[in-house]
Amino acid sequence: MEFTYESVNDALAAHHPLLSGEWSSLGWDENVATVIYMLESTGEDVTVTVDRNGTVTAPPELIAEMDEIQRLDEAWLSRA
């Protein structure tokens with residue numbers, strides 16, 4: 001895959017819907033795109049990578065946090 005803002009964001013969204021909009025930094029070199037997120041629970045920055053095949057590698061704690069945010073959003077929307 002060619003790295004562009006759109007292609008990296010699409011790969012992130014395919015991995016988890018919230019990954020495409022919650023990052024703080026995005027960049028790439030010839031081999032890998034690097035995306036930085038801040039964990040809300042600790043304030044720690046964590047790194048997600050996207051390779052040329054579109055494979056996303058993300059820390060489990062970030063995915064768990066995104067799952068919880070999504071669960072809370074869906075619960076709130078179901079009450080509205």
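The part I mean is Ala11, which has its place in helix α1. Which residues is Ala11 in contact with, leaving aside its neighbours within four places in sequence?

Reply: This is a predicted model, in which local features need pLDDT of at least 70 and side-chain atom pairs count only at pLDDT 80 or more, while totals for chains, interfaces and linings use all residues. Residues are numbered from 1 along each chain as its sequence is written, and side-chain values use heavy atoms, with hydrogens and water left out.

Beyond its neighbours within four places in sequence, Ala11 is in contact (heavy atoms within 4.5 Å) with Met1, Val50, Gly54 and Val56. Ala11 is buried, because its relative accessible area is 11% and buried means under 20%, exposed over 50% and partly exposed in between (1.4 Å probe, protein chains only). Met1 lies 10 residues from Ala11 along the chain, and their C-alpha atoms are separated by 10.0 Å.

The chain has two helices and four strands, taken as DSSP runs numbered from the N terminus (helices H or I, at least four residues; strands E, at least two). Their order from the N terminus is α-β-β-β-β-α. The strands form an open, antiparallel sheet in the order β1-β2-β3-β4, where two strands pair if DSSP finds at least two bridges between them. β1 (25-28) and β4 are the edge strands, each pairing on one side only.

Val50, one of the partners of Ala11, belongs to β3 and is the bridge partner of Ala33. Antiparallel β2 and β3 are joined by seven bridges. Six residues separate these two strands in a hairpin, and Gly43 in the turn has a positive phi of about 80°.

Gly54, another partner of Ala11, is in the hairpin of β3 and β4, which has four residues between the strands, and takes a positive phi near 85°. Val56 also touches Ala11; residues 56-57 make up strand β4, which runs antiparallel to β3 and is joined to it by two bridges. Thr57 in β4 is the bridge partner of Thr49.

Helix α1 also contributes to the largest nonpolar core. A nonpolar core is a set of buried Ala, Val, Leu, Ile, Met, Phe, Trp, Tyr and Cys residues joined through side-chain atoms within 4.5 Å. The largest has 17 residues, and Leu12, Leu19, Tyr37 and Leu62 have the most contacts inside it. At least two residues of this core come from each of α1 (5-15), β2 (32-38), β3 (45-51) and α2 (60-79). Tyr37 stands opposite Val46 in β3. Past its neighbours within four places in sequence, Tyr37 has contacts that include Leu12, Leu19, Trp23, Val48, Leu62 and Met66.

His16 lies in the loop between α1 and β1 and counts as buried because its relative accessibility is 5%. Its side chain makes a polar contact with that of Asp67 at 2.7 Å. Such a contact is a pair of N or O atoms within 3.5 Å; within protein, one must be able to donate a hydrogen and the other to accept it, and residues adjacent in sequence count only if both atoms are side-chain atoms. Not counting residues up to four places away in sequence, His16 touches Ile63, Met66, Asp67 and Gln70.

The whole structure holds two aromatic pairs. Rings of Phe, Tyr and Trp (its six-membered ring) pair if their centres lie within 6.5 Å; planes under 30 degrees apart count as stacked, over 60 as edge-to-face and the rest as tilted. Phe3 and Trp28 have ring centres 6.4 Å apart and planes at 45°, so their pair is tilted. It links the segment before α1, which holds Phe3, to strand β1, which holds Trp28, 25 residues apart. Phe3 is buried at 6% relative accessible area, while Trp28 is partly exposed at 42%. The rings of Tyr5 and Trp23, with centres 6.0 Å apart and planes at 65°, form an edge-to-face pair. Tyr5 is in helix α1 and Trp23 in the loop between α1 and β1, 18 residues apart.
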